[in-house]
There are 2 protein chains.
Amino acid sequence: MKFICQQQAISQAINMVSKAVSGKTTLPILSGIFFEAKDGQLRLIGNDLNLSIETYIEAEVIEAGNTVIPARLFTELIKKLPSSDVTFDINDANVATISCEDSDFKIVGLPGNEYPELPIIEEEKTIAIDKTLFCNMIRQTSFAISQDESRPVLTGALLEMNDGKLSMVAIDGFRMAIKNATIKSDLSSKAVVPGRTLNEINKLFSGSDAKGDLKISFDDKQALFSTSQLRIYSRLLAGEFINYNQILPSEHKSTVRVDTDKLLTSIDRSFLMARENKNVAIKLEIKDDFLTISSNSEMGSSLEKIHINLEGHDLEIGFNPKYLMDALKIIDSEEVYLEFNNNVSPCIMKPVDNDYYTYLVLPCRISK
Amino acid sequence: MKFICQQQAISQAINMVSKAVSGKTTLPILSGIFFEAKDGQLRLIGNDLNLSIETYIEAEVIEAGNTVIPARLFTELIKKLPSSDVTFDINDANVATISCEDSDFKIVGLPGNEYPELPIIEEEKTIAIDKTLFCNMIRQTSFAISQDESRPVLTGALLEMNDGKLSMVAIDGFRMAIKNATIKSDLSSKAVVPGRTLNEINKLFSGSDAKGDLKISFDDKQALFSTSQLRIYSRLLAGEFINYNQILPSEHKSTVRVDTDKLLTSIDRSFLMARENKNVAIKLEIKDDFLTISSNSEMGSSLEKIHINLEGHDLEIGFNPKYLMDALKIIDSEEVYLEFNNNVSPCIMKPVDNDYYTYLVLPCRISK
């Protein structure tokens with residue numbers, strides 16, 4: 001097997017597929033990257049059996065073949081080579097000789113035919129969505145994905161398609177984030193995608209290559225996220241996702257309209273004081289035209305006053321400031337609505353300028 | 001005590017003095033920043049008894065006085081305030097009320113008169129040196145300061161003044177870095193400054209405020225590094241520093257002249273392979289017009305070839321690549337000289353375009 005390719009092209013491709021290579025694997029072959037050279041193309045795969053990433057780059061193929069090269073050492077080495085042609089010559093014992101200008105390396109590889117096959121998605125259902133929009137859906141919900149492995153299905157986000165609408169929903173027991181988007185599809189289905197897969201997709205497409213559509217295909221067990229250049233295979237999470245619509249309050253008694261950035265910076269400062277305590281709660285007092293945020297600790301106290309528009313009742317309610325900040329950071333609207341019923345019911349946060357995003361957060365008890 | 005100052009000015013001043021505030025102190029008052037308001041100025045001090053940093057900013061002083069405010073919480077809080085006037089009102093119980101626009105904080109402080117006095121330097125010796133030049137001296141030597149506390153004097157760098165020359169010398173048992181500078185002083189003296197002090201000085205002056213002279217005053221136990229705005233007090237290290245001139249070889253049998261950047265990038269790549277081994281050594285073969293750098297590990301091997309000018313004998317010699325890279329990274333000259341005697345004697349590295357810098361590194365054994 002022998003091929004020549006551009007240092008920058010292969011370095012970029014390795015960076016992408018190596019996101020699916022785990023450092024801690026019991027199968028040695030999975031700590032490597034799979035390479036297959038044929039028909040003027042080099043195919044690269046990283047795979048940890050939960051997530052696989054596959055891409056292709058142009059290469060001058062002198063002798064077709066395949067091999068597996070240890071990912072960590074190889075990735076760093078290629079990155080440090082000069083921006084020039086790199087020649088790969090892999091012998092029958094899977095020793096790769098890599099030459100670039102005055103540098104020569106030998107790396108001991110593994111046989112390519114022992115590398116696991118990529119999953120096959122049966123009876124696939126397919127939708128298409130703009131890449132930037134899908135990355136935004138991830139950015140606005142993934143922080144609310146549960147980290148608690150005791151309920152595996154909540155360590156992913158629900159993707160629900162219905163009536164030309166795609167919803168992404170994440171719940172961690174304290175808060176819930178829902179992002180909706182319009183899609184050109186009448187498919188009615190759902191799937192729970194692991195949080196790690198979504199975060200890697202967001203990283204892969206948030207960069208320069210963010211134009212165009214992402215195709216999402218799935219069956220009961222697997223999903224494939226693909227563009228012309230990149231294919232990301234992911235296991236889906238089994239189990240029934242929470243019926244999230246049931247959690248949303250059907251009405252509310254108070255609505256506050258407030259500047260997003262002012263609310264965020266005020267809570268941020270209150271958090272500094274609150275986090276000196278075990279109970280990190282901050283107190284929100286809503287009365288007339290003002291929202292007052294206060295926190296206390298042994299170190300001292302904080303008091304922030306923000307002008308608001310209030311419709312409905314006055315209220316005193318406690319929150320974990322982190323849960324409010326997480327959502328305020330990713331809401332792009334200049335103002336948000338906060339909807340309340342009472343101080344033991346969830347608060348709903350929504351952007352003022354659109355209906356596509358809903359965030360629910362549970363209040364917490366505050367010491368009097 | 002009451003004063004008003006600009007958020008940006010006090011935030012910047014706190015950032016500077018808090019570098020001398022230790023998170024792990026047994027004296028609670030040292031985990032705070034000392035504030036003294038009088039005569040239209042606010043004086044700030046951070047102090048961990050080894051290192052103290054003192055600065056002044058303009059303030060509207062309404063009631064003079066002093067206090068100590070916990071550094072960590074206070075620093076973060078001030079940083080997050082809007083860029084506006086900040087009012088400080090400290091009552092007799094040392095509770096500070098801090099107000100800025102619609103934010104109010106109370107922080108429990110400590111009595112200012114319990115804060116330790118700054119050191120007094122007796123019979124001081126003084127020199128002046130350009131700040132940028134002094135920071136460069138630190139940058140080019142401090143990486144060779146020993147981390148090994150069993151020989152305390154080597155955890156600092158020697159500052160030696162003689163005949164209008166200032167030398168900074170750092171030794172860690174495997175390598176030695178010497179940087180010389182010309183100063184306008186006929187003072188003949190020396191002092192060993194802790195590595196931490198030098199690194200903080202480098203951080204404090206490497207930024208925008210790098211113009212003008214730094215005044216260095218010292219006696220047997222303390223040094224003061226001062227500008228018009230900032231005063232840094234440091235303990236000096238006791239004990240006799242190694243007689244470094246004795247270590248420098250008086251002659252050499254081979255001189256290699258080589259491109260600094262090419263040598264650095266080649267060693268950097270060889271290091272990737274070498275570090276897979278316990279013995280991270282790389283091999284340099286110097287012969288005719290070429291320097292060949294090779295390394296081996298279970299993962300594979302590397303071979304780099306660089307064009308050189310050689311005067312003298314051929315040589316095969318082993319090095320810890322990290323020790324060579326540390327120096328190559330901070331030498332600003334396009335080319336360097338490497339001087340050798342044999343493969344068990346130290347190598348000297350020097351910039352080609354000036355005599356101000358000398359780096360000595362011990363070779364290591366290479367497996368045949």
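I note first that two strands pair if DSSP finds at least two bridges between them. Helices (H or I, at least four residues) and strands (E, at least two) are DSSP runs, numbered from the N terminus.

**Ground rules.** This is a predicted model, where local features need pLDDT of at least 70, side-chain atom pairs count only at pLDDT 80 or more, and totals for chains, interfaces and linings use all residues. Residues are numbered from 1 along each chain as its sequence is written, chains are lettered from A and ligands numbered from 1 in the order in which they are written, and side-chain values use heavy atoms, with hydrogens and water left out.

I looked up β22(A). Five bridges join β22(A) to strand β9 (residues 103–108) of chain B, and the two run antiparallel. I found A:S302 opposite B:F105 in β9(B).

**The interface.** I looked up contacts (heavy atoms within 4.5 Å). On chain A, 29 residues are in contact with 29 residues of chain B.

Next I looked up salt bridges (a side-chain nitrogen of Lys or Arg within 4 Å of a carboxyl oxygen of Asp or Glu). The rule finds six between chain A and chain B. I checked one pair: B:R275 and A:E76 meet through their side chains, 2.6 Å from N to O. On chain A, the elements that give two or more residues to the side touching chain B are α2 (71–79), β9 (103–108), α6 (260–274) and β22 (300–307).

**One residue.** Is A:Q7 buried or exposed? A:Q7 counts as buried because its relative accessibility is 6%, and buried means under 20% (1.4 Å probe, protein chains only). I place A:Q7 in helix α1 (residues 7–17) of chain A. Leaving out residues up to four places away in sequence, A:Q7 touches residues including A:I78, A:L81 and A:V86.

Key:
Buried < 20%, exposed > 50% of the residue type's maximum accessible area, 1.4 Å probe, protein only.
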